[in-house]
Amino acid sequence: MHEAALITAARTDSDAFARLYDNTAPEVYRFAFSLTRDHARAEDVTSEVYRRALTRLDRYEDRGKPFVAWLLTIARNLVRDEARRRSGRETPLLDHDCRVDEWPGDGLLRAEAAGALHVAVRRLPEVQQRVVVLRFGHERSVRDVADEIGKSEAAVKQLTYRAVTRLRELMQEAGYDGTT
Amino acid sequence: MTARPEPENLTPEEEQRLRAQLRPEADPAFLARLRSQSRARHARHHRNLGWFDLNYEPNPIRVVHDGELIHLVTNDPGHFRDIAGEQLGYVPERGPDEDVRHRVENALAGELRGDTIAYLGELPSFHRHVLEATAGIPRGEVRPYAWVARLAGNAGAVRAAGTALAHNPVPFIVPCHRVVKSDLELGRYSAAGGTVTKERILRFEGLEVARLAEMRARGVRYLGHGGDTFCFPGCGGTWEPQDDTRTFRSVVEARSLGYEPCSACRPA
């Protein structure tokens, strides 16, 4: 089905809405993660995007862009609004969906550790950042990374070694002993 | 030749953590859950639900669905207006059942697919984990509330597990009737008919209710098999005592005699 027809159908038909979801959700998530750098927040943003899309689909106008662009705009606005709210309040909101077996602090600690890791990654030299993100974030092979950044495989291994050593130091400085 | 591209100075734990935290892709389980949640929400918002009746042998049931996911099951069609109004916000009409009937029949026969139930994505996560743990109890067997709470991730939340089961939107499909008290008493049941219905379904499924009551009277909680493993009574269909069957009143007693918990029924 052509996308425009699918969108029209999705205004009332749940099958069509589910198909729109299938066609777009992985990309919406990747975008949300690129904005938040945190899996729990990216999940929250993605959930909210589809909650809003459901009630606003009637007002969607085809302006010649792919439908997913509209969803990404909703995601961007959500992240921006959340950043505004956060800046006005010190205490972060607890995840409403955290498991009750976990002391609420556990989730926060993990999120904090993840946040600290992203801060640490950003403090690495640019080329080391790219190596770490490509190799671990995107699960690319040493060979792929070498091709992408235009260095030898040995150089990529060397950069990974240095990056990991430095990350470990940065995480320890930030108060994480490697068990979090 | 491709060398294994692992950096030499990473521990496996560190590597796993880096991968988990830097990976830009969504967790497939999350995407599947959100799909079912979004579809279910859409179906309710646009009132795309319909129902059909199924002549399930222990008692007839009415199933509300959106063409793919099951939203509500009740064995009390006489009060359908009240039940639907309260749980769905409106009263759906009878609708075509397409292939949903087949999925419901499979689920009742013990083959529940993970993406069958609409509600799991909308529930608080502990409730969802309780229903998922309950869905894993085999036909013809029972488990205590404490077991369900433990498998749902919070061994202390026995009462909360009971509450989650009392609000099970899809009884019979998620077999909350297979959850009993720790002393093997059948306990309460929220569907119409209460404990009488519960006992009738369990008998229909092949549970030896009389033998369960007899063990309960003797204070037996677990059975030891083969000199090394202890189980819930009925695990794997074994009700008949063998020569080497032992009975235990507690996990502590079983363990003190060198028995380890069965990996299938997970009594501890």
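Select B:Gly67 first: it has a positive phi near 100 degrees and belongs to the hairpin of β2(B) and β3(B), in which four residues lie between the strands. Strands here are DSSP runs of E of at least two residues, helices are runs of H or I of at least four, and both are numbered from the N terminus. Two strands count as paired if DSSP finds at least two bridges between them. The model is a predicted one, in which local features need pLDDT of at least 70 and side-chain atom pairs count only at pLDDT 80 or more, while totals for chains, interfaces and linings use all residues. Residues are numbered from 1 along each chain as its sequence is written, and chains are lettered from A and ligands numbered from 1 in the order in which they are written.

**Around the hairpin in chain B**

**The nonpolar cores**

Now centre on B:Ile70. Beyond its neighbours within four places in sequence, B:Ile70 is in contact with residues including B:Val63, B:His65, B:Val104, B:Ile117 and B:Ile173; a contact requires C-beta atoms, placed from the backbone, within 7 Å. B:Ile70 is also one of the residues that touch the most other members of the largest nonpolar core, which has 48 residues; B:Val73, B:Val130, B:Val148, B:Ala161 and B:Ile173 are the others named. A nonpolar core is a set of buried Ala, Val, Leu, Ile, Met, Phe, Trp, Tyr and Cys residues joined through C-beta atoms within 7 Å. Helix α5(B), residues 125-135, gives the most to this core, with five residues. Another core lies apart from it and has 24 residues, among them A:Ala10, A:Phe17, A:Tyr29 and A:Leu54.

**A second sheet in chain B**

Select β7(B) to β10(B) next. They make an open sheet of four strands in the order β9-β7-β8-β10, with mixed pairing. Its edge strands are β9(B), 246-248, and β10(B), 260-261, each of which pairs on one side only. Strand β7(B), residues 222-225, pairs with β9(B) in the antiparallel sense over three bridges, and B:Leu223 has B:Thr247 as its bridge partner.

**Chain A and helix α3**

Turn to chain A, which has eight helices and zero strands. Of its 180 residues, 28% count as buried.

Select α3(A), residues 39-56. Its 18 residues should span 26 Å at 1.5 Å a residue, and the end C-alpha atoms are 25 Å apart, which agrees; the expected span is 1.5 Å times one less than the number of residues. Its buried residues include A:His39, A:Val45, A:Val49, A:Tyr50 and A:Leu54. The elements that cover them include α2(A) and α4(A) together with α2(B), residues 28-45.

At A:Arg56, also in α3(A), the setting is exposed, with 11 other C-beta atoms within 10 Å. A:Arg56 and A:Arg11 are 45 residues apart in sequence and 9.2 Å apart in space, C-alpha to C-alpha.

**Where the chains meet**

Display both chains. The contact takes 39 residues from chain A and 33 residues from chain B. On the side of chain A, α2(A) gives the most, with 12 residues. The residues of that side divide into 18 nonpolar, 11 polar and 10 charged; Ala, Val, Leu, Ile, Met, Phe, Trp, Tyr, Cys and Pro count as nonpolar, Asp, Glu, Lys and Arg as charged, and the others, Gly among them, as polar.

**Confidence**

Finally, colour by pLDDT, the predictor's confidence in each residue from 0 to 100. Chain B has a mean of 87, and 96% of its residues reach 70 or more. Among its elements, β2(B) has the highest mean pLDDT (95) and α1(B), residues 12-22, the lowest (77). Over residues 1-5 of chain B, pLDDT stays under 50. For the complex, the predictor gives an ipTM of 0.75 and a pTM of 0.71.

Definitions and conventions. Contact = placed C-beta atoms within 7 Å. Buried ≥ 20, exposed ≤ 12 C-beta atoms within 10 Å, placed from the backbone.
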